[in-house]
Amino acid sequence: MAAHRIAHRLWSTRWAIPTAQAIATAAAKATGITIHPGAVIGHRLFIDHGSEVVIGQTCVIGDDVTIYQGASFVGDGSLGRRHAVVGNGVLIGSGAEVVGPVTLGEGAKVGAGAVMTSTSPPEPVGAAVGARRCVHGGRFTINGRWP
């Protein structure tokens, strides 16, 4: 995270973009975690087993977020905001993928292997491909059905 904070500060000044990219590349080779220097990351980000974690350029990550191995925040190729906005206290499971300008509300949980393609309200749990809210009235369900 220290390397990202330095690279982000250099990226933000716009005069040292090549240096910021070099720092981000060196950090990615050393750790296996690819964080674009343009990403905005809050306090106390926890990346567990960081292998193959990818965080894109326009991604905004809040405070107290936990990201597990293989999770990625990828863009959809649109103009402007292309990556996710992640609220405070969010948990992203192993291999989960958040695609496009999705907003994950505060306290959201994305299950392992889930693919989030739509915005979620605060405190939902998303699971499966094309993840949908799967907690209704305190009961865990998968796409609206009790497992």
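**Exercise 1.** State how many salt bridges the model contains, and identify which side chains take part.

*Solution.* The count comes to one salt bridge, the term meaning a side-chain nitrogen of Lys or Arg within 4 Å of a carboxyl oxygen of Asp or Glu. The model is predicted, so local features need pLDDT of at least 70 and side-chain atom pairs pLDDT 80 or more, whereas totals for chains, interfaces and linings use all residues. Residues are numbered from 1 along each chain as its sequence is written, and side-chain values use heavy atoms, without hydrogens and water.

The partners are Arg44 and Asp64, at 2.5 Å from N to O. Arg44 lies in the loop between β2 and β3 (46-48), and Asp64 in the loop between β5 (60-61) and β6 (66-68), 20 residues apart. Strands are DSSP runs (E, at least two residues), numbered from the N terminus.

**Exercise 2.** Classify Arg44 and Asp64 by accessibility.

*Solution.* Buried means under 20% relative accessible area, exposed over 50%, and partly exposed in between (1.4 Å probe, protein chains only). Arg44, at 56%, is exposed; Asp64, at 40%, is partly exposed.

**Exercise 3.** Give the strand order of the open four-stranded sheet and name its edge strands.

*Solution.* The order is β2-β5-β8-β11, with parallel pairing; strands pair if DSSP finds at least two bridges between them. The edges are β2 (40-41) and β11 (103-104), each pairing on one side only. Strand β8 (residues 85-86) joins β11 over two bridges, and Val86 has Leu104 as its bridge partner in β11.

**Exercise 4.** List the residues that Ile67 touches beyond four places in sequence.

*Solution.* With contact meaning heavy atoms within 4.5 Å, Ile67 touches Leu45, Phe46, Ile47, Asp48, Val53, Ile55, Ile61, Phe73 and Ile92.
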